[in-house]
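Subject: Structure handover

Hello,

I am passing a structure on to you. Please open it first, then read my notes below.

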Amino acid sequence: MADTTQKATTDFTKGIAASTLADGGLILGRVGDDEVVLARSGDELFAVRAQCSHYRGPLADGLVVGDTVRCPWHHACFSLRTGEALRAPALDPIPCWRVDREGDTIFVREKLPARSAPGLDSRGLPSSIVIVGGGAAGVAAAEMIRRRGYGGPVTLISADADPPVDRPNLSKDYLAGEAQEDWIPLWPTDFYAEQRIDLVLGRRVSSIDPAKRIVRLEDGSERAYGALLLATGADPVRLPIPGAQDDRVRYLRSFADSRAIVERAATARHVVVAGASFIGLEVAASLRARGIAVDVVAPESTPLERVLGADVGRFVRSLHEKQGVVFHMGETVARIDGRTVTLSGGAAIDCDFVVMGVGVKPSVAIAEQAGLTMDRGIQVDEYLETSAPGVFAAGDAARWPDPHTGERIRVEHWVVAERQGQTAARNMLGARERFEAVPFFWSRHYDATINYAGHAERWDEVSIDGSLEALDCTVEYRRGGKTLAVATIGRDRANLDAEARMERALARR
Ligand SMILES: Cc1cc2nc3c(=O)[nH]c(=O)nc-3n(C[C@H](O)[C@H](O)[C@H](O)COP(=O)(O)OP(=O)(O)OC[C@H]3O[C@@H](n4cnc5c(N)ncnc54)[C@H](O)[C@@H]3O)c2cc1C
Ligand code: FES
């Protein structure tokens with residue numbers, strides 16, 4: 001996944017020459033049994049744990065920006081001063097060590113005690129906070145609310161029966177049979193009790209009354225809120241295909257959905273995936289890892305072309321074909337009849353079951369019913385507040401004014417949803433912080449991981465530096481000469497650099 005992989009051979013307690021660490025540099029070493037990364041920002045020196053607290057990405061291959069370090073895998077950002085996970089997808093802090101400089105030699109000394117967050121000014125805080133949605137945005141918000149020191153009641157209501165999970169894993173390692181069941185929950189259930197987060201599972205909010213500041217649940221109960229976050233995500237699109245209501249047709253959004261596919265896959269030999277979306281293709285890859293034959297059916301001519309362009313789309317298709325996936329592009333599923341899937345062109349495929357991966361639509365029914373301003377999603381301002389005061393929205397359901405493109409956008413990215421949840425949380429506590437993060441997502445296809453920073457719905461120029469086939473390239477999407485987005489394969493550091501460039505471009509405006 002990373003461009004370089006350093007080895008932790010240097011013993012930092014014995015000292016290293018200061019000249020070996022340039023400004024912005026990162027060196028991997030050890031302090032006793034701990035792998036530690038030493039960082040320099042200007043004249044300041046820092047030492048933090050070498051592994052990211054998300055999936056243990058190698059921070060020594062990351063990027064120093066000011067007094068932060070960013071992870072090369074999924075762009076988490078940590079404070080070098082305190083170890084705090086400032087930006088998702090990492091939520092837990094990393095430890096820090098004391099650094100000494102004696103003449104031209106740098107020593108890393110003892111591990112520093114964890115620092116607690118500065119106190120929160122209690123003036124103007126909401127009496128209680130309700131979060132609707134136990135996904136990326138909702139969970140990141142709940143954690144941030146407590147991290148910032150809010151002491152009032154926090155309720156997290158989720159229609160999912162399971163405690164919040166690492167959703168991206170559901171189409172990847174878990175579905176491929178390479179991740180254990182207990183890796184999937186974001187936190188153990190006692191985390192919510194410890195943090196005094198009232199976790200209400202398997203229950204759906206049916207309406208909101210913004211005037212009375214109340215949410216109603218389907219069972220008729222009510223919860224009052226001082227501030228409300230709508231983090232309802234998105235629901236899989238269900239096409240009106242004859243036979244698609246059959247039990248043999250599966251959708252993938254929740255842990256329960258993924259488990260159901262795993263259960264079916266145990267005895268399956270052949271599966272049809274309808275839709276060449278990111279999720280559809282990841283499902284195809286995971287089922288191939290289980291030795292199941294997979295046919296992908298999709299109406300467009302090239303998979304992922306709308307997001308990544310024709311060259312990358314063709315390349316992703318070739319990766320899947322090398323693994324034995326059969327594509328039926330330019331076709332749709334016309335009918336499902338027991339084991340037989342009939343395509344629009346008339347061909348019939350015999351399969352054990354069908355996975356529908358034909359996209360999602362924002363889950364906005366309760367926002368619409370409450371009379372909030374809608375714009376192909378829930379419209380929010382730069383602070384992620386909806387048209388109703390005290391009601392915020394984040395994640396797949398929200399459309400926000402993206403300062404990088406100057407457009408109002410809505411995306412379906414894990415990291416964006418979590419970061420929006422974090423910003424909305426701070427704003428519910430009075431921070432008035434603009435959401436300005438550069439959108440980022442990743443997608444994995446066998447040994448190729450695509451990292452994508454920025455947002456390009458339309459472009460007039462695409463350039464590829466390096467080689468797709470060698471899994472070593474940078475793809476830039478430009479419009480009117482301006483770089484809107486950068487996708488990389490095998491160049492994680494270049495993707496971090498691109499994100500930082502887009503941030504600097506915004507700061508200069
Ligand atoms: C299988 C899969 C793989 C993915 N892989 C990637 C990836 O590799 N990279 C990436 O960037 N993104 C990926 N995504 C997308 C990413 O998971 C989403 O962008 C992200 O989860 C959105 O977060 P969210 O909080 O907005 O919504 P969600 O995580 O979907 O959470 C929404 C929550 O709201 C609840 N809810 C909805 N309505 C109500 C209601 N009325 N009352 C109570 N609760 C309600 C739902 O039950 C759910 O708990 C993937 C998605 C899926 C499904
Ligand atoms: S491993 Fe560091 S952000 Fe995912």
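Strands β6 and β7 (residues 68-70) run antiparallel and are joined by 3 bridges. Strands here are DSSP runs of E with at least two residues, helices are runs of H or I with at least four, and both are numbered from the N terminus. Two strands count as paired if DSSP finds at least two bridges between them.

Before you go further, note that this is a predicted model: local features need pLDDT of at least 70, side-chain atom pairs count only at pLDDT 80 or more, and totals for chains, interfaces and linings use all residues. Residues are numbered from 1 along each chain as its sequence is written, chains are lettered from A and ligands numbered from 1 in the order in which they are written, and side-chain values use heavy atoms, leaving out hydrogens and water.

Back to the strands. Val 64 stands opposite Val 69 in β7. The open sheet has 4 strands in the order β6-β7-β8-β9, with antiparallel pairing. β6 (63-65) and β9 (85-87) are at the edges with a single partner strand each, so one side of each has no neighbour in the sheet.

**The ligand**

Which residues come nearest to ligand 1? Of the 32 around it, they are Ala 137, Lys 172, Val 205, Arg 253 and Asp 396. "Around" means a heavy atom within 4 Å. The shell divides into 14 nonpolar, 10 polar and 8 charged residues. α1 (136-147), β13 (154-158), α8 (414-428) and β33 (440-445) each supply at least two of the shell residues.

Now the polar contacts (pairs of N or O atoms within 3.5 Å). Oxygen atoms of ligand 1 lie 2.4 Å from a polar side-chain atom of Lys 172, 2.8 Å from an N or O atom in the side chain of Arg 167, and 3.0 Å from a polar side-chain atom of Ser 158. The protein covers 95% of the 990 Å² of accessible area that ligand 1 has on its own (Shrake-Rupley method, 1.4 Å probe).

**Backbone points**

Most residues other than glycine have a negative phi, and most peptide bonds are trans. Arg 56 has a positive phi near 65°. Arg 56 sits in the loop between β5 (44-49) and β6. Arg 432 has a positive phi near 50°, in the loop between α8 and β33. A cis peptide bond joins Ala 88 and Pro 89, with omega about 15°. Pro 89 is in the loop between β9 and β10 (96-102).

Best wishes

Methods: Polar contact = N/O pair within 3.5 Å; in protein donor to acceptor, adjacent residues only side chain to side chain. Nonpolar A, V, L, I, M, F, W, Y, C, P; charged D, E, K, R; others polar.
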